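Let's walk through this one together, starting with a pocket and then moving on to the helices around it. Have the viewer open and follow along.

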Amino acid sequence: LDEFVWQDLCNVVTNPEVIAYALEQAHGGHWLPQDLQAQVGALNKASKHLDRHQERLLEAYLAEVIQLPELERKRSELARKQEAIQIQLVQLQTKATQTIQLAQIAVSIEAFCAKIRPVLQQANFDQKRQLIELLVDRVIVSTGDVEIRYVIPTQPEGPHVPFSQLRSDYREKKPTTRMPSNRITKSRLDR
């Protein structure tokens, strides 16, 4: 079991893209800044369209094509739509900020892994024990399954704010419908 845990830890540290993928999944899916930019662009375009519609509505009223009650009703509808667009824009900006922060955490995790990667091959027993104590939260063995829960530092200088969630289904890049917990987990059958 000790060798299995060590080999799995080496695999996790030498393949930090697995950790980045788990981090991405734990925080709501794929990081697609291009999609966010496209959505912001579409919302800005819709907002400008509503502004133009508002101007045309006023021009129609001034040309006495529509009456005041109709103008007020339509302006009220346009104002509600404009408010909904503004709320969506704020939500997208918040999501973009979170995406940037998650990307920075992923870079920090990569830096931490790069820092300890050279030690893995020549580590003596005490160094292996220290790394396992630092990065492995717990190992759960039950009826042929071994589940390893990792705690990965999110800062390159060391274990200040640990991440997380690494599970076998994330490693295989299959979508999940469960909300992940705050731990990294690895399951293996028949080992």
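The second largest pocket has a volume of about 220 Å³. Bear in mind that this is a predicted model. Two elements each give two or more residues to the lining, namely helix H1 (2–14) and helix H5 (125–135). H5 supplies the largest share, with 5 residues. What does the lining look like by class? It has 6 nonpolar and 5 charged residues, and no polar ones.

Now for the packing. Two packed helices are described by the angle between their axes and the distance between the axes. Take H1 and H5, the two helices from the pocket lining. Their axes come within 11 Å and cross at roughly 65°, which makes H1 roughly perpendicular to H5. The crossing is left-handed. On the H1 side the contact is made by Val 5, Trp 6, Leu 9 and Val 13, and on the H5 side by Lys 128, Leu 131, Ile 132 and Leu 135. By class, that contact splits into 7 nonpolar residues, 1 charged and no polar.

Next, bring in helix H4, residues 68–120. H4 packs against H5 at an angle of about 155°, with the axes 11 Å apart. The two helices are therefore roughly antiparallel to each other, and their crossing is left-handed. H4 brings Phe 112, Ile 116, Val 119 and Leu 120 to this contact, while H5 brings Gln 127, Leu 131, Leu 134 and Leu 135. The tally here is 7 nonpolar, 1 polar and no charged residues. Leu 131 and Leu 135 of H5 turn up in this contact and also in the one with H1.

That leaves H1 against H4. How are these two oriented? Their axes come within 9 Å and cross at roughly 140°, so H1 and H4 are oblique to each other. This crossing is left-handed as well. The contact involves Trp 6, Leu 9, Cys 10, Val 13 and Thr 14 of H1, facing Cys 113, Ile 116, Arg 117 and Leu 120 of H4. Sorted by class, the contact residues come to 7 nonpolar, 1 polar and 1 charged. Trp 6, Leu 9 and Val 13 of H1 take part here as well as in the contact with H5.

Notes. Residues numbered from 1 in each chain as written. Predicted model: local features only at pLDDT ≥ 70, side-chain atom pairs only at ≥ 80, totals over all residues. Heavy atoms only, no water. 1 Å grid on protein atoms, 1.4 Å probe; cavity = no way out; pocket = protein on both sides within 12 Å on 5 of 7 lines; lining within 4 Å. Points joined across faces, edges and corners; volume = space filled by probe spheres on them. Helix = DSSP H or I, 4+ residues; strand = E, 2+ residues; numbered from the N terminus. Nonpolar A, V, L, I, M, F, W, Y, C, P; charged D, E, K, R; others polar. Axes fitted to C-alpha atoms, helices over the stretch in contact; angles between N-to-C directions. Parallel < 35°, antiparallel > 145°, perpendicular 65-115°, else oblique. Left-handed = near helix turned anticlockwise from the far one by under 90°. Contact = heavy atoms within 4.5 Å.
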